[in-house]
Amino acid sequence: MPELPDLAIVTEAFQAALAGRSLVAASAPGPLTVRGTPAELTAFAGQRLERVSRRGKFVTFQFDRDRIVVNAMLTGRFQLAVPAVNVPSSTALVLRFGPRAAPPPDVARWTRGAAWLPADDAVVEVRYRDPTQMGKVYLIPTGTERPVPGFDESLAPDADDPKLTLDAWRDRIRRHPGELKPLLRNQQFVAGIGNAYSDEILHAARLNPFRKRSSLAAEEIDELHRAMRTTLERAVAVLRKRVPPTFETEVRDFMAVHRKGGEPCPRCGTRISEVSSRSEATSWCRGCQR
Ligand SMILES: [Zn+2]
């Protein structure tokens, strides 16, 4: 499931690769995934892409008039490719962009001059594919009311939002009872964290995923905030190096505990525990997570 670090890489890279280009064609080979009409999709042609951004687990393509919001859910993936590369199976949406005069000024520093950036005079496509069709693509023509579930006032601050200070964190967490793993995954508490990074953050904080928030001491609450920030920052640094140009690939092998059940804990050597339900797993270390 794409989470904040995965989507941060995609949005920063796509902003660098695509902003300033006009859409020459849009198609929906997987129309069940798209919320909107064929006419609304066609109307994106000719519009200039202004900005690609992320909020929580939502990716927004803001064009000069209309916008597209994608919630990739469990299995949605983005590919950046030239049209000559075959469109992968289960592709739900293809956005084809034309040349541009120059890259936009507002791009992330790590993307500047990157070898994977398509040439400004090249035609380039974004393909969104989703084998389970659980994710959704929302077409939002300006002036149209089309609710995007979860992408509203209820969405919490992003986990990497500088405004989510330690004080703000202490204040917010007080209002959320329950176990720590579902707490971190609750997008109304903090946005952008899912199944994998919640395991990693709790391991970094030395906290058991099944602990109740109400059992945390004040310093443990503070440690959880610190662990969240450092875990996500480190992941973003790794993914910037390893994900491009295959943005559709989820890189997870660098993780400390998630999906590492049975392997030794990198901190204390205890065999990592894992419980699975359906497609999800919770992994933690009984040796050093209390
Ligand atoms: Zn351990």
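Helices (H or I, at least four residues) and strands (E, at least two) are DSSP runs, numbered from the N terminus. The model is a predicted one, in which local features need pLDDT of at least 70 and side-chain atom pairs count only at pLDDT 80 or more, while totals for chains, interfaces and linings use all residues. Residues are numbered from 1 along each chain as its sequence is written, and side-chain values use heavy atoms, with hydrogens and water left out.

Threonine 231 sits in H6 and is buried, with a relative accessible area of 12%. Setting aside residues up to four places away in sequence, threonine 231 touches Tyr197, Glu200, Ile201 and Ala204.

Helix H1 (residues 4-18) tells a similar story about length: its 15 residues should span 21 Å at 1.5 Å a residue, and its end C-alpha atoms are 20 Å apart, which agrees. H1 is mostly covered, with 14 of its 15 residues buried. After the helix comes glycine 20, whose phi is positive, near 95 degrees. Aspartate 6 belongs to H1 and is buried, with a relative accessible area of 11%. Residues up to four places away in sequence aside, aspartate 6 touches Met1, Tyr197, Leu239, Glu250 and Arg252.

The protein is divided into domain 1 (4-140) and domain 2 (166-284), with bounds that come from an automatic or database domain assignment. The C-alpha centres of the two domains lie 28 Å apart, and 18 residues of domain 1 are in contact with 19 residues of domain 2. About 1,700 Å² is buried between them, with carbon and sulfur atoms giving 67% of that area. Pro5, Asp6 and Ile9 supply 30% of the area that domain 1 buries against domain 2, more than any other three residues. Buried area is the accessible area (1.4 Å probe) that two parts lose on being put together, summed over both.

Then there is the zinc ion. Its protein donors are Cys265 (SG), Cys268 (SG), Cys285 (SG) and Cys288 (SG), lying 2.2 to 2.4 Å from it. Donors are N, O and S atoms within 2.8 Å of the metal (3.2 Å for Na, K and Ca); water is not among the atoms, so sites may look incomplete. The site is tetrahedral, with angles of 96 to 117 degrees among its four donor atoms; four donors count as tetrahedral if all angles lie between 85 and 135 degrees. In sequence the donor residues are spaced C-x2-C-x16-C-x2-C. Cysteine 265 lies in the loop between helix H6 (218-242) and strand S10 (273-277), and cysteine 288 in the segment after strand S11 (280-284), so the pair ties together parts that are 23 residues apart in sequence. Cysteine 265 and cysteine 288 are both buried. Cysteine 285 is likewise in the segment after S11, and is buried with a relative accessible area of 0%.

Notes
The expected span of a helix is 1.5 Å times one less than its number of residues. Buried means under 20% relative accessible area, exposed over 50%, partly exposed in between (1.4 Å probe, protein chains only). Four donors count as tetrahedral if all angles lie between 85 and 135 degrees; four count as square planar and six as octahedral if opposite donors are over 155 degrees apart and all others between 65 and 115; anything else is irregular. Contact means heavy atoms within 4.5 Å.
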